[in-house]
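Look at the structure first, then read on.

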Amino acid sequence: MSLLRRRKPPINESDKTSEASDSKPQKEREEEEEEEEEDGNGKDKNKKKIPSKIKKHEEKRPKWSCLDTCCWFIGCICVSWWLLLFLYNAMPASFPQYVTEAITGPLPDPPGVKLLKEGLKAKHPVVFVPGIVTGGLELWEGRKCAEGLFRKRLWGGTFGEVYKRPLCWVEHMSLDNETGLDPCGIRVRPVSGLVAADYFAPGYFVWAILIASLAHIGYEEKTMYMAAYDWRLSFQNTEVRDQTLSQIKSNIELMVATNGGKKAVVIPHSMGVLYFLHFMKWVEAPAPMGGGGGADWCSKHIKAVVNIGGPFLGVPKAIAGLFSAEAKDIAVARAIAPGFLDNDIFQLQTLQHVMRMSRSWDSTMSMIPRGGDTIWGGLDWSPEEGYSCSKKGERKNDTQIADQTGAASAVSQTRSANYGRIISFGKDVAEAPSSDVGRIDFRGAVKGHSAANTTCQDVWTEYHDMGFGGIRAVAEYKTYTAESIIDLLHFVAPKMMARGTAHFSFGIADNLDDPKYKHYKYWSNPLETTLPNAPEMEIFSLYGVGLPTERAYIYKLSPSAECYIPFQIDTSADDEDTCLKDGVYSVDGDETVPVLSAGFMCAKGWRGKTRFNPSGIQTYIREYSHSPPANLLEGRGTLSGAHVDIMGNFALIEDVIRVAAGASGEELGGDQVYSNIFNWSEKINLQL
């Protein structure tokens, strides 16, 4: 039986369209009709038609926000970092050296390797004395906010606690404002061992390169000792609280005894130079004030003292830190971001907290300039008068060193800065003849009443006890020399200076036989004490030159003096002719210690038999002209003369190793001088 199919009638195109449109949702039909109407009215004839489905999809797509961009950016950085870290760990150990040599040429042997090839071996035991801030400090007891930090580093390392709990960190790093010792319920102590100061922070070496270089010729931990101490304390208080001076004495005696009687070579750096000066007087002095070692202890136990970057006569930078909690770097940061450091950032008034904390550290006062106007100059003169910051140092032979005494030929004819005016309120005051500077004495001024404690959410500093009258009186005195600065600090910070003057002195001794100079407050001032009776001992002063180093400052009143630190460096003051930049006058030095402070004692004060060096200990100056790294692959460089970076200077390390291996100063080549230190020293009229 056949099946009959019924044939469908043909469908017109118009019917197809209507049928398709009937199958669409009503909303889509309405949208298409609107689009057709717009096209029919002749609008946007040249614009490409966008289907409604695409438009609808775009409307549903989430918008890209700033947060998304930040997240992607951070993610890219993290991925890139981990990728680079993986590649770095996967590459052969010699690959970085290969790349460096391909760019810069063959690298010289490290000092230890070089001297080992010459046959040098470990001989004298070595003692390292770190400077201020470079030694690690750890927590042994703290407040509730410091839970979980037992024996964790509060200073040095990653400084993680500064970011996690800044106010708690400041509280634990500060000392008692009355005693200069631990606040109640807090114990922060120095890290012990070579790790105390080998690295200041991850990747930032201090003693690490020197330690590794000594290890190449046979030194190890039993022949190297890091004399770590709490650098916040006054020098005598390190003995009172921690018996640190006694530990140094015992360790040196042990090292000498276990190394066949070979005397120790002591290597202090920065403030450690002053600390070891104090130690040499302490160890000879009778108990209970001293160590009871006797007058010949240093002669029996010390072969040489190799001082690196020593601020023997203090540093002007310490004045700026104590006066306004800033130096050139802080002042420049203030200029770049006005108000940022003065604002209440996360309830942390940055500079006020820094001032409160640092003013509780008595050690900072050990670096106030010593010797007054005799050493640092007065209103109208300074030893460095005529210095030109554009001159490049060249090594001088013995004849040239002798010729430096002809001061007239060395003085530049260009306009010179008045370096003796360490603080001046205004550039015009710094440059004016002293007869034109009208000064009103601040010493008897009435400090008046301050509204700071009621009008601002301030952190307590002694400026809040001064009052507006006292602040005006300081500014109206106009300019301060090294002698008047001591009175200035007594005026603006009486509690701090009361502690400081109990432990340090800043003058010049008239008669060193006076019994008062047996007190420990004079022991770290080379102008008020004598070197040990050790004629066979040698003293070296090793330091960098060729870098602009802070010497004097232009100040102004802060616009928010009633709430913040009332004085700040005037960064608008500049003058190339007088080495003035960003409110700071510069001279030759290592960026921290001026040449005058680092070199004077070994150039003149202790040279030969003088009243400060009665046994005639031989002294030597070794200067290292700064040369910046040629490229980023050199890191901080092997020819640096900067205050801390010089610890990686190959030439300096080689000199230190040679002394440790038995060489004398004459065998090193005697003095090595690039600066005008002998010329400047001759200008200083000091009774010797």
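## Terms and model

A residue counts as buried under 20% relative accessible area, as exposed over 50%, and as partly exposed in between. The model is predicted. The structure holds two disulfides.

## Cys145 and Cys168

Cys145 and Cys168 form a disulfide. Their sulfur atoms lie 2.1 Å apart. The link is right-handed, with 80 degrees about the S-S bond. The pair ties together distant parts of the chain, 23 residues apart. Cys145 sits in the loop between strand 2 (137-141) and strand 3 (153-155). Cys168 belongs to helix 8 (residues 166-173).

How accessible is Cys145? Its relative accessible area is 33%, so Cys145 is partly exposed. Cys168 has a value of 8%, so Cys168 is buried.

## Cys389 and Cys579

Another disulfide joins Cys389 to Cys579, with an S to S distance of 2.5 Å. The torsion about its S-S bond is about -105 degrees, so this disulfide is left-handed. This pair also links distant parts of the chain, 190 residues apart. Cys389 is in the loop between helix 17 (372-376) and helix 18 (398-403). Cys579 is in the loop between strand 16 (567-569) and strand 17 (580-581).

Cys389 is partly exposed, because its relative accessibility is 39%. Cys579 is buried, because its relative accessibility is 7%.

## Cys184 and Cys298

Is Cys184 buried or exposed? Its relative accessibility is 68%, so Cys184 counts as exposed. Cys298 has a relative accessible area of 0%, so Cys298 is buried.

Conventions. Residues are numbered from 1 along each chain as its sequence is written. This is a predicted model: local features need pLDDT of at least 70, side-chain atom pairs count only at pLDDT 80 or more; totals for chains, interfaces and linings use all residues. Side-chain values use heavy atoms; hydrogens and water are left out. A disulfide is a pair of cysteine sulfur atoms within 2.5 Å. Helices (H or I, at least four residues) and strands (E, at least two) are DSSP runs, numbered from the N terminus. Buried means under 20% relative accessible area, exposed over 50%, partly exposed in between (1.4 Å probe, protein chains only).
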